[in-house]
Amino acid sequence: MTFGRWLLRRSFIAVLVAGVIGTAGLRAQTQTAETSQPTSVQAPAAPEGQSYSLAPDKLAKAIAVSRIRNILNIVGSIWGLAVLWILLATRAAARLESWIAQRIAGRFSQGILYFAIFILVTSLAGLPLDLIGAQVERHYGISVQGWGSFFGDEAKGLVLTLVFGTLVLLLFSWIVRRWTRRYWFGLWVATLPLILLGTFLQPLLEPLFNKFEPLTQNHAALVGELEKVVARTGTNIPPARMFLMKASLKTNGLNAYVSGMGATKRVVVWDTTAGRIPDDEVLFIFGHESGHYVLHHIPKMIAGTSVGLFFVYWGCAGIAAWLVGRFGDGWGITDLSSRSGLVVLLFVVSIAGFVLQPINNGFSRHFEHEADVYGQEAVHGIVAYPQKTGVSAFNHLGDAWLEDPNPSPVIEFWLYNHPSTQTRANFAAHYDPWVNGGKGEFFDK
C-alpha cells in the first residue's frame, strides 16, 4: 500500500484524484517484472549478510531500471513545479482567466472551464515523462501493456481527473474567495473528508482500469487458505469480497492487497501472483496488507497527514501572499482569491510537497515495516516456515519488479515509501520471536 500518494505533491487535486485514480489505474510504468516463473527458478545464493539477491543478468537490469526510475521521479517533480512556474511567469494563468471572463458569463461556468483547461495543460505536460517511463518498463521486459491500452488508461484517468479535479478546485477557489484571511483553515477542513472519500471510492474506480473476477472462480483452494489468515487477523472479509485481478494484461509484477474501507473493503490478488508463487507466500503478502487495516495504519496516516496539512496550508498561505506581493505585477495577479491566484497557491503547496516528501516517506516506511512484522506473525502456525516464506516472498517480489538489492541510502531516504527489499528480506530472515518460548509483537502464538 502506497501512503506517499496522499501527501499533496503537485496540487490540491492530488488529495482526491491521485490517491484514487493513481492506484486504480494500473499502468505498469513504475514497477514491472520479468516473465519467469519464480516457483520453478531458485534465486541465486545471496552474499553473506544479504537475504535478497539477483542473478548477474537481472542485477544489471535492476540497477539500470532503478536508476532510470529515480531520475524520472526527481525530474517529474521538478518538471511539475516548472510547469506551474511557466504558467505564472508567462502570465498564461492570468491571461486565461481574463480570456474566459470576456467570453463566458457566470462565475461557475468560468471556473469549470478555467480549471478544466488548467488540468488538461498540466496533465499533457506530464505525458512525455509517462511515455518514457512506460517505454523503459517495456524495454526491460517488465510491462506487457500495449500502447492502445496505455493511452486508454491515460484517457480514462484524465477524464476522471477533469471531473473530480475540476470540482475540487472549484470548491477550493470558492473557499479562498469566501474567507480571504482564514481561507487556509477552510481548505484544511475541506481536505479531510476528500481523503476519506478517496479511500472509500478506490475499489469502485479500479474496475475502470482492470478486469476482476471472484477469486473462488479459479482459486478456491487459495480462498480457503486466505480465510485462515482472515480468521487469525480478524479482518472480517468474506470470500464474496475476494477478487482476482487480471494484472497479466498489463504487467508481470506480483501483488496482493486489501483496499477500500467499510462497505468497499475487499481482498485483491493479482493473477500474476496466484499460481506463480507458492500459496504460502501469497498468504504472507496478504497478511502484510491485512496488517495495515488491523494496525489502523490508514486512520493513523490520515490523522498524521491532517496534522501536517494544517501547518502546510498555514505556511503556504503566507508564502503565496508574499509571492503575489513580490511577483504579482509581472504575473498579472493581484489577489489570491482569483483563479490564477489559486495557481500560485498550488505552486507553493507543490514545493512544500516536494520538500516534505522524505518526512512522509519516513512515516510510510515505518508503517510498512510494522506490516511486515504483522504479516510474518499472521502466518505463524498457518505456513510451515514463516521466516523462509517471508524471505522467499521478498526475493520473488524483488525479482519480478527488478528491485535494486543495494539502493543508495540517500535515494531510499528521499524517494522510498517502503523499506528496500534487501532490508525487508534481511529482517524476515532473522525475525523469530517464538524461539525459546517467546511471543510475537502482535500475536501471542
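Arg-326 lies over the face of Phe-327, at 4.8 Å from the ring centre; a charge sits over a ring if NZ of Lys or CZ of Arg is within 6 Å of the ring centre and within 35 degrees of the ring normal. Phe-327 also belongs to a cluster in which ring pairs link Trp-85, Trp-322, Phe-327, Trp-331 and Phe-347. The model is predicted: local features need pLDDT of at least 70 and side-chain atom pairs count only at pLDDT 80 or more, whereas totals for chains, interfaces and linings use all residues. Residues are numbered from 1 along each chain as its sequence is written, and side-chain values use heavy atoms, with hydrogens and water left out.

**Overall architecture**

- The protein chain contains 14 helices and 4 strands, taken as DSSP runs numbered from the N terminus (helices H or I, at least four residues; strands E, at least two).
- Of the 445 residues in the protein chain, 53% are buried (under 20% relative accessible area, with exposed over 50% and partly exposed in between; 1.4 Å probe, protein chains only).
- Among contacts (heavy atoms within 4.5 Å) in the protein chain between residues at least 6 apart in sequence, 80% join residues at least 24 apart.
- The protein chain exposes about 19,200 Å², of which carbon and sulfur atoms supply 63%; accessible areas come from the Shrake-Rupley method with a 1.4 Å probe, and for residues only the protein chains shown count as cover.

**Salt bridges**

- The count of salt bridges is 10, each defined as a side-chain nitrogen of Lys or Arg within 4 Å of a carboxyl oxygen of Asp or Glu.
- Lys-58 and Asp-399 form a salt bridge with their closest N and O atoms 2.8 Å apart. This pair links distant parts of the chain, with Lys-58 in helix H2 (residues 56-89) and Asp-399 in helix H12 (residues 386-401), 341 residues apart. Both Lys-58 and Asp-399 are buried.
- A salt bridge also joins the side chains of Glu-137 and Arg-69 (3.2 Å, N to O). Glu-137 in helix H4 (residues 107-139) and Arg-69 in helix H2 are 68 residues apart. Glu-137 counts as buried at 1% relative accessibility, and Arg-69 is buried with a relative accessible area of 15%.
- In the salt bridge between Arg-424 and Asp-372, the closest N and O atoms are 2.8 Å apart. Arg-424 lies in helix H14 (residues 421-430) and Asp-372 in helix H11 (residues 357-378), 52 residues apart. Arg-424 and Asp-372 are both buried.
- A network of salt bridges links Asp-153, Lys-156 and Lys-250.

**Aromatic pairs and a further charge over a ring**

- The whole structure holds 22 aromatic pairs. Rings of Phe, Tyr and Trp (its six-membered ring) pair if their centres lie within 6.5 Å; planes under 30 degrees apart count as stacked, over 60 as edge-to-face and the rest as tilted.
- Trp-147 and Phe-150 form an edge-to-face pair, 5.4 Å centre to centre with 85° between the planes. Because they are 3 residues apart in helix H5 (residues 147-178), Trp-147 and Phe-150 are separated by about one helical turn. Trp-147 is partly exposed at 29% relative accessibility, whereas Phe-150 is buried at 2%.
- The ring centres of Phe-354 and Trp-414 are 5.7 Å apart and their planes lie at 55°, so the pair is tilted. Phe-354 in helix H10 (residues 339-355) and Trp-414 in helix H13 (residues 409-415) are 60 residues apart. Phe-354 is partly exposed, with a relative accessible area of 22%, and Trp-414 counts as partly exposed at 29%.
- The charged end of Arg-266 sits over the ring of Phe-243, 5.0 Å from its centre.
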